[in-house]
Amino acid sequence: MTKTLVNYQTLKNSFNQEVSTQLQMVDSLSKNGKFLVIQTDPITVEVEVNTSNIETITIKSKLLNTPLYDEIFIALEKSLNCSSVKFYNAYKSAIKNGTVVTAENNNIKVVHDARNGQLNVKITKEN
């Protein structure tokens, strides 16, 4: 069973206060499934939703280093109440070595995949 990270509206309201206009999440989601909530080159953010609750957040970047990723991830850390240097260290290690590195804090698991010159990050709840 997949665990709920947060209600979409709750996350969107908090997240949108932390980011620039170009990175704000879409207003609402009408059903269950996967939705692209942010799309601004080179970054996309997709959420997997079940009954208005987010189960997975996926960030994809065509570039390993972009300030847009930093802005998005910092806002997500704050909005999910899981800020940790562990995530930053995992991100830096993944992009430096072109590997997959996982970090956890406050029951939030973040998998950083920097293989193939692109960054794919998956955020889920563990407990």
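**Q22**

I started at Q22, which counts as partly exposed at 47% relative accessibility. My cut-offs, with a 1.4 Å probe and protein chains only: buried is under 20% relative accessible area, exposed is over 50%, and partly exposed is in between. Before going on, I noted that this is a predicted model, where local features need pLDDT of at least 70, side-chain atom pairs count only at pLDDT 80 or more, and totals for chains, interfaces and linings use all residues. Residues are numbered from 1 along each chain as its sequence is written, and side-chain values use heavy atoms, with hydrogens and water left out.

Where does Q22 sit? I found Q22 in the loop between α1 and β2. Helices (H or I, at least four residues) and strands (E, at least two) are DSSP runs, numbered from the N terminus. Leaving out residues up to four places away in sequence, I get I38, T40 and L68 as what Q22 touches; contact means heavy atoms within 4.5 Å. I also checked Q22 against I57: C-alpha to C-alpha they are 18 Å apart in space, and 35 residues apart in sequence.

**Salt bridges**

How many salt bridges does the structure hold? I get 3, where a salt bridge is a side-chain nitrogen of Lys or Arg within 4 Å of a carboxyl oxygen of Asp or Glu. The general idea is that side chains of opposite charge can pair when their charged atoms come close.

The side chains of K78 and E18 form one of them, at 3.3 Å from N to O. K78 belongs to helix α2 (residues 67-79) and E18 to helix α1 (residues 8-18), so this pair ties together parts that are 60 residues apart in sequence. I have K78 as exposed, at a relative accessible area of 52%, and E18 as partly exposed at 35%.

Next I looked at D41 and K62, whose side chains meet in a salt bridge at 2.8 Å, N to O. This pair links distant parts of the chain, 21 residues apart: D41 is in the loop between β2 (33-40) and β3 (43-50), and K62 is in the loop between β4 (53-61) and α2. D41 is exposed at 59% relative accessibility, and K62 is exposed at 51%.

Then R115 and D113: their side chains make a salt bridge at 2.7 Å, N to O. Is D113 buried or exposed? I get buried, with a relative accessible area of 16%, whereas R115 is partly exposed at 44%.

**α1 against α2**

I went back to the two helices. Their axes come within 9 Å and cross at roughly 135°; axes are lines fitted to C-alpha atoms, for helices over the stretch in contact, and angles run from 0 to 180 degrees between N-to-C directions. I therefore logged α1 and α2 as oblique to each other. The angle classes are roughly parallel under 35 degrees, roughly antiparallel over 145, roughly perpendicular from 65 to 115, and oblique for the rest.

Which residues make the contact? From α1 I listed L11, S14, F15 and E18, and from α2 E71, I72, A75, L76, K78 and S79.

**E71**

Last, I picked E71 in helix α2. E71 is partly exposed, with a relative accessible area of 26%. Not counting residues up to four places away in sequence, E71 touches E18, V19, S20 and L23. E71 and V19 are 52 residues apart in sequence, but 6.6 Å apart in space, C-alpha to C-alpha.
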